Amino acid sequence: MKPTFWLQKWEANEIGFHNTEVHPLLSCWSRLGLPQDARVLVPLCGKSVDMIWLAQAGHTVIGAEISEIAAKAFFQENGLQADVTAVGDFQKYVSGSIEIWVGDFFALQADQLGPVDAIYDRAALIALPQTDRRRYADQCKSLAGEDYKILLIGLEYLPDSVVPPPYSMSRTDMEAAYGFGHTVEHLETIPGDVKGVPARETAYRVTTRNTDIDVT
């Protein structure tokens, strides 16, 4: 999917995908077993208020977003003053423990971001068509290094009931995106809604296979 699609959505304020409340499945976050000072990457972050929640939990939050409109709105709407610097092809917005890198997510480099301990994916993978998912997962892996954890929120609805994005994705679809070397574990499912159509939202924990954590 081309970046212009999302840039146009933000320019036209067609952002029905944006939640004004913290996502209820963030209640599963503690099951990743992260230290309080973990550094968390939020790909395709938009102006998600979930980043505020993660920062208040003590984490350093690293958002990545194509639209500068979204990044500016995030800081303005949350009453935060951000410092802005140019880093290569990116504009880096920083306020306290939250930073947003504005530019092409697929062009980000691990040495730009520094260490990444975990990824929070609420509406990134499900925003992408099947042809882009493995590329997205590979980019996440390249930014996070060898040992990391992901809280991945998936969405499922009846076939052909919604014009995507977002895309309906099962656990099998998640496993196909991340491929060999990862474990995708079901944590919790809640009822949801997408464009007025009933859906199910599910929290998954994705870990590298050398990570062994009890899910109970």
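Trainee: Which elements are included in what covers the buried residues of helix 6?
Mentor: This is a predicted model, in which local features need pLDDT of at least 70 and side-chain atom pairs count only at pLDDT 80 or more, whereas totals for chains, interfaces and linings use all residues. Residues are numbered from 1 along each chain as its sequence is written, and side-chain values use heavy atoms, with hydrogens and water left out. Helices (H or I, at least four residues) and strands (E, at least two) are DSSP runs numbered from the N terminus, and buried means under 20% relative accessible area, exposed over 50% and partly exposed in between, with a 1.4 Å probe and protein chains only. For helix 6, the cover includes helix 5, strand 7 (149-156), strand 8 (182-194) and strand 9 (197-208).

Trainee: What arc around the axis do the buried residues of helix 6 cover?
Mentor: The residues concerned are Met174, Ala177 and Tyr178. They sit on the same side of helix 6 because their arc, taken from the directions between the helix axis and the C-beta atoms, is only 85°.

Trainee: And what arc do the buried residues of helix 5 cover?
Mentor: In helix 5 the buried residues are Asp132, Arg133, Tyr136, Ala137, Gln139, Cys140, Leu143 and Ala144. These residues too are on the same side of their helix, because the arc they cover around the axis is only 160°.

Trainee: Which residue just after helix 5 takes a positive phi?
Mentor: Helix 5 covers residues 130-144, and the place to look is just after that helix. There, a positive phi of about 90° belongs to Gly145.

Trainee: Are the two faces of strand 1 covered or uncovered?
Mentor: In a regular strand the side chains alternate between the two faces of the sheet. In strand 1, Arg39 and Leu41 on one side are buried, and so are Val40 and Val42 on the other.

Trainee: Which residue of strand 6 stands opposite Leu41?
Mentor: Strands count as paired if DSSP finds at least two bridges between them. Strand 1 and strand 6 pair in the parallel sense over two bridges, while four bridges join strand 1 to strand 2 (residues 60-65), also running parallel. On the strand 2 side, Val40 stands opposite Val61; on the strand 6 side, Leu41 stands opposite Ile119.

Trainee: Does Asp160 count as buried or exposed?
Mentor: Asp160 is found in the loop between strand 7 and helix 6, and its phi is near 70°, a positive value in a residue other than glycine. With a relative accessibility of 82%, Asp160 counts as exposed.

Trainee: What is the relative accessible area of Leu44?
Mentor: Leu44 lies in the loop between strand 1 and helix 2, and its phi, near 50°, is positive although the residue is not glycine. Leu44 is partly exposed, because its relative accessible area is 30%.

Trainee: Which residues does Ser48 contact, leaving aside neighbours within four places in sequence?
Mentor: Ser48 is in the loop between strand 1 and helix 2 (50-56), and it counts as buried because its relative accessibility is 16%. Contact means heavy atoms within 4.5 Å, and once those neighbours are set aside, the contacts of Ser48 are His18 and Phe74.

Trainee: Which residue is joined to Pro164 by a cis peptide bond?
Mentor: Most residues other than glycine have a negative phi, and most peptide bonds are trans. The bond from Pro165 to Pro166 is cis, with omega near 0°, and Pro166 is in the loop between strand 7 and helix 6. Another cis bond, with omega about 0°, joins Pro164 to Pro165.

Definitions and conventions. Expected span 1.5 Å × (residues − 1).
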